[in-house]
Amino acid sequence: MECLSEERLHKFRIIIEQAKPNIAIVGHLDPDSIACMKAFMKICALFKKNYKLFYFGGWNNPQNNYLKNAFTLSDDFSELKVFDKLPDEEKKQYDIVLLDSSSLDDRRLEGIKINPIIIIDHHPTKNQLIESEKTFFWINSYGAAATMVSELYLQMGLSFENEPELATLIAVAIDTDTRNMSAKSTTQSDVNIFLAVWPYIKQDVRRDSRNVVKDTIYYAFEDKARDKRELQNNTALFFLGYIDADKADYLSFLSDQFSEYEDMKTVFVVAIGNDGFVYVKARSRDNTIDLDKEMKDRFGEKNAGARFGAGAAKIPMDFWIPSDNSKDEHLTYIEKRMRDAIFKDSSE
Ligand SMILES: [Mn+2]
């Protein structure tokens, strides 16, 4: 297993030992992040630190909701806004650990400023945060961040025996983030950790958590998408029209599904949110294109990005959200613009 070197482990120990007695563990809410936070709790306990879990973003997606109920997770997590509103005196008694994210200007943080002493994330970027003597930043390409935190967890001498909840969360995290080990980002370590937790997981919860994604909203969106689709040279566009913005995660599930079709090497699923943004989720199995560049070229440097064949864009609709009077025209207009953006040859 490609774990942390003795030197890095030593640094980690120093940083966490010297940390304040209270640790705020911060993450967003998806299976990977939840698994990371729960595993890191145990690491905090090992170093006799108090900890609290704080999240940004919402519980929107059905898989999170299922896990939340299966393991009564909502009792454990508070909103990061709650932490941010604590009196300064109280906040000062915390050090922050950020997991499964390393972008301090993540939109979902809604402007909340955090200064983590520890970051563990599997999304390396060009302008990556630089570690200092007082911080431990581990940002590397892995299928799931839960794999990294689990490696650390094991290297700290902790075990998954008698931890069915944690083991299950980690398995679901790896399943989800690696799309069953089929995502390009999947590493040998993800497989190894999956096997390490396997004997301890609640199989029924793992299976069900994977099925809940296909609920009635999913079917309704799927119908809409099939209704409005266009295929040109192995590139497909599915246009859903208006949706509630908090259902935008469903676009990812749909793009995962559609990208499995043989003749759809690159898939874009597009919808207009009721929050003034156009949402795009893209998947590509075409190795000849740089999806990140394509996304940025088409939807704007600031609005879009991709890694390992999975892309997303959140595009502001300028200054105005259509009223009921102009909704139909607006829909036609956005659909046309999206078709242009997606099917135009980027070299033109
Ligand atoms: Mn992740």
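Predicted model: local features only at pLDDT ≥ 70, side-chain atom pairs only at ≥ 80, totals over all residues.
In soluble globular proteins, nonpolar side chains tend to be buried together. Here, the largest nonpolar core contains 58 residues, and Ile25, Cys36, Ala39, Leu99, Ala146, Val149 and Ile170 have the most contacts inside it. Helix H7, spanning residues 164-177, supplies the largest share of this core, with 8 residues.

Apart from neighbours within four places in sequence, Leu99 is in contact with Ile25, Gly27, Ser33, Cys36, Met37, Phe40, Ile120, Ala145 and Val149.

Turning to the helices, H2 (residues 31-46) and H6 (residues 145-155) have axes that come within 8 Å and cross at roughly 15 degrees. An angle under 35 degrees counts as roughly parallel, so H2 and H6 are roughly parallel to each other. The crossing of H2 past H6 is left-handed. On the H2 side, the contact involves Asp32, Ala35, Cys36, Ala39, Phe40, Lys42 and Ile43; these meet Ala145, Ala146, Val149, Ser150, Leu152 and Tyr153 of H6. Sorted by class, this contact has 10 nonpolar, 1 polar and 2 charged residues.

H7 also packs with helix H9 (residues 203-211), at an angle of about 35 degrees and with the axes 9 Å apart. In this pair the crossing is right-handed. Thr168, Ala171, Val172 and Asp175 of H7 meet Val205, Arg206, Ser209 and Arg210 of H9, a contact of 3 nonpolar, 2 polar and 3 charged residues.

Notes
Residues numbered from 1 in each chain as written. Core = buried A, V, L, I, M, F, W, Y, C linked by C-beta atoms within 7 Å. Buried ≥ 20, exposed ≤ 12 C-beta atoms within 10 Å, placed from the backbone. Helix = DSSP H or I, 4+ residues; strand = E, 2+ residues; numbered from the N terminus. Contact = placed C-beta atoms within 7 Å. Axes fitted to C-alpha atoms, helices over the stretch in contact; angles between N-to-C directions. Parallel < 35°, antiparallel > 145°, perpendicular 65-115°, else oblique. Left-handed = near helix turned anticlockwise from the far one by under 90°. Nonpolar A, V, L, I, M, F, W, Y, C, P; charged D, E, K, R; others polar.
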